Amino acid sequence: MILYGIPTCDTCRKARKSLEAAGHIVQFRDIRKEPLSTPEWRLLLDAFGEDLVNRRSTTWRGLDEATRAAEPLDLLASHPSLMKRPVCEDGERRTIGWDPTARAMWLGE
(Lines give C-alpha, C1' and ligand atoms only; values in the text may rest on other atoms or scores of the structure.)
Protein backbone atom coordinates (compact mmCIF):
# COMPACT_ATOMS: atom_id res chain seq x y z
CA MET A 1 0.00 0.00 0.00
CA ILE A 2 1.20 3.50 -0.82
CA LEU A 3 0.09 6.51 1.17
CA TYR A 4 0.71 9.76 -0.70
CA GLY A 5 0.97 12.84 1.47
CA ILE A 6 3.28 15.12 3.39
CA PRO A 7 4.86 14.23 6.73
CA THR A 8 3.61 17.33 8.54
CA CYS A 9 -0.04 16.63 7.69
CA ASP A 10 -1.94 15.47 10.79
CA THR A 11 -4.46 13.56 8.70
CA CYS A 12 -1.69 11.69 6.87
CA ARG A 13 -0.05 10.76 10.17
CA LYS A 14 -3.38 9.60 11.61
CA ALA A 15 -4.17 7.52 8.53
CA ARG A 16 -0.72 5.93 8.45
CA LYS A 17 -0.88 5.02 12.12
CA SER A 18 -4.36 3.48 11.75
CA LEU A 19 -3.41 1.56 8.61
CA GLU A 20 -0.26 0.13 10.20
CA ALA A 21 -2.19 -0.80 13.35
CA ALA A 22 -4.64 -2.69 11.12
CA GLY A 23 -1.78 -4.70 9.64
CA HIS A 24 -1.21 -2.85 6.37
CA ILE A 25 2.38 -2.44 5.19
CA VAL A 26 2.43 1.24 4.32
CA GLN A 27 4.96 2.85 2.02
CA PHE A 28 4.76 6.59 2.68
CA ARG A 29 5.49 8.82 -0.29
CA ASP A 30 6.24 12.43 0.52
CA ILE A 31 4.83 14.20 -2.53
CA ARG A 32 7.09 17.22 -2.00
CA LYS A 33 10.35 15.27 -1.72
CA GLU A 34 9.41 12.67 -4.32
CA PRO A 35 7.09 14.49 -6.74
CA LEU A 36 4.63 12.52 -8.81
CA SER A 37 5.21 12.21 -12.53
CA THR A 38 2.68 13.49 -15.05
CA PRO A 39 1.33 9.94 -15.65
CA GLU A 40 0.95 9.44 -11.88
CA TRP A 41 -0.95 12.73 -11.53
CA ARG A 42 -3.15 11.77 -14.51
CA LEU A 43 -3.98 8.43 -12.90
CA LEU A 44 -5.06 10.13 -9.67
CA LEU A 45 -6.99 12.82 -11.55
CA ASP A 46 -8.77 10.09 -13.53
CA ALA A 47 -9.72 8.45 -10.24
CA PHE A 48 -10.76 11.56 -8.29
CA GLY A 49 -11.23 14.37 -10.77
CA GLU A 50 -10.96 17.92 -9.51
CA ASP A 51 -11.63 16.69 -5.94
CA LEU A 52 -7.89 15.93 -5.89
CA VAL A 53 -7.25 19.70 -5.63
CA ASN A 54 -7.81 20.88 -2.07
CA ARG A 55 -9.46 24.25 -2.54
CA ARG A 56 -9.70 24.80 1.22
CA SER A 57 -5.96 24.58 1.85
CA THR A 58 -3.58 27.29 2.94
CA THR A 59 -1.68 26.76 -0.31
CA TRP A 60 -4.84 27.40 -2.35
CA ARG A 61 -5.63 30.58 -0.44
CA GLY A 62 -2.12 31.84 -1.20
CA LEU A 63 -2.53 31.53 -4.97
CA ASP A 64 -3.57 34.40 -7.19
CA GLU A 65 -6.67 34.10 -9.39
CA ALA A 66 -4.66 33.49 -12.56
CA THR A 67 -2.85 30.55 -10.98
CA ARG A 68 -6.09 29.14 -9.55
CA ALA A 69 -7.55 29.11 -13.07
CA ALA A 70 -4.87 26.66 -14.30
CA GLU A 71 -5.70 23.07 -15.16
CA PRO A 72 -5.65 20.70 -12.16
CA LEU A 73 -2.67 18.76 -13.59
CA ASP A 74 -0.60 21.95 -13.89
CA LEU A 75 -1.66 23.14 -10.44
CA LEU A 76 -0.72 19.87 -8.75
CA ALA A 77 2.55 19.52 -10.63
CA SER A 78 3.56 23.06 -9.59
CA HIS A 79 2.10 22.93 -6.07
CA PRO A 80 1.98 19.29 -4.85
CA SER A 81 0.76 20.35 -1.40
CA LEU A 82 -2.55 21.31 -3.08
CA MET A 83 -3.36 17.60 -3.26
CA LYS A 84 -6.16 16.57 -0.93
CA ARG A 85 -4.53 14.18 1.50
CA PRO A 86 -3.96 11.41 2.05
CA VAL A 87 -4.35 9.37 -1.08
CA CYS A 88 -4.15 5.66 -0.26
CA GLU A 89 -3.49 3.18 -3.03
CA ASP A 90 -3.28 -0.58 -3.04
CA GLY A 91 -3.27 -2.09 -6.49
CA GLU A 92 -6.33 -0.74 -8.30
CA ARG A 93 -8.05 0.46 -5.11
CA ARG A 94 -7.66 4.13 -4.20
CA THR A 95 -9.18 6.52 -1.70
CA ILE A 96 -8.78 10.23 -1.08
CA GLY A 97 -8.94 11.82 2.36
CA TRP A 98 -9.47 9.98 5.64
CA ASP A 99 -13.23 10.12 5.98
CA PRO A 100 -15.53 7.28 7.11
CA THR A 101 -15.68 5.88 3.55
CA ALA A 102 -11.88 5.63 3.29
CA ARG A 103 -11.58 4.16 6.79
CA ALA A 104 -14.29 1.60 5.99
CA MET A 105 -12.48 0.52 2.84
CA TRP A 106 -9.08 0.06 4.48
CA LEU A 107 -9.95 -0.75 8.09
CA GLY A 108 -13.35 -2.39 7.73
CA GLU A 109 -14.96 0.18 10.04
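**Note on a predicted single-chain model**

1. Leu52 touches Trp41, Leu44, Leu45, Leu76, Leu82, Met83, Lys84, Val87 and Ile96, with residues up to four places away in sequence left out of the list. The model is a predicted one, and the points below should be read with that in mind.

2. Leu52 belongs to the largest nonpolar core, a set of 30 residues. Leu52 is listed there with Leu19, Leu76, Met83 and Val87 as the residues with the most contacts inside the core. At least two core residues come from each of β1 (2-5), α1 (10-21), α2 (38-48), α5, β3 and α6 (100-107). Which element gives the largest share of this core? That is α2, with four residues. As background, nonpolar side chains in soluble globular proteins tend to be buried together.

3. The secondary structure can be read next. The chain contains six helices and four strands. Their order along the sequence is β-α-β-α-α-α-α-β-β-α.

4. On overall dimensions, the radius of gyration of the chain is 14 Å; a compact globule of 109 residues would have a value near 13 Å, so the two agree. The C-alpha trace spans about 45 × 25 × 25 Å along its principal axes.

5. On burial and surface, 39% of the 109 residues count as buried.

6. Trp60 is part of helix α3, residues 58-61. Is Trp60 buried or exposed? Its relative accessibility is 10%, and buried means under 20%, so Trp60 counts as buried. Beyond its neighbours within four places in sequence, Trp60 is in contact with Val53, Asn54, Arg55, Arg68, Leu75 and Leu82. Trp60 and Leu82 are 22 residues apart along the chain, and their C-alpha atoms are separated by 6.5 Å.

7. Ser18 sits in helix α1. With a relative accessibility of 27%, Ser18 counts as partly exposed, because that class runs between the 20% and 50% cut-offs. How far apart are Ser18 and Leu107 in sequence and in space? They are 89 residues apart in sequence and 7.9 Å apart in space, C-alpha to C-alpha.

8. Glu92 is found in the loop between β3 and β4 (93-96). Its relative accessible area is 70%, and exposed means over 50%, so Glu92 is exposed. Glu92 and Arg13 lie 79 residues apart along the chain, with 23 Å between their C-alpha atoms.

9. The bond joining Arg85 and Pro86 is cis, with omega about -10°. Pro86 is in the loop between α5 (72-78) and β3 (87-90).

10. On charge, the chain carries 17 positive and 17 negative side chains. The centres of these two sets lie 7 Å apart.

Definitions and conventions
Residues numbered from 1 in each chain as written. Predicted model: local features only at pLDDT ≥ 70, side-chain atom pairs only at ≥ 80, totals over all residues. Heavy atoms only, no water. Rg over C-alpha atoms; globule rule 2.2 N^0.38 Å. Buried < 20%, exposed > 50% of the residue type's maximum accessible area, 1.4 Å probe, protein only. Lys, Arg positive; Asp, Glu negative; His and termini not counted. Charge placed at Lys NZ, Arg CZ, Asp CG, Glu CD. Core = buried A, V, L, I, M, F, W, Y, C linked by side-chain atoms within 4.5 Å. Contact = heavy atoms within 4.5 Å.
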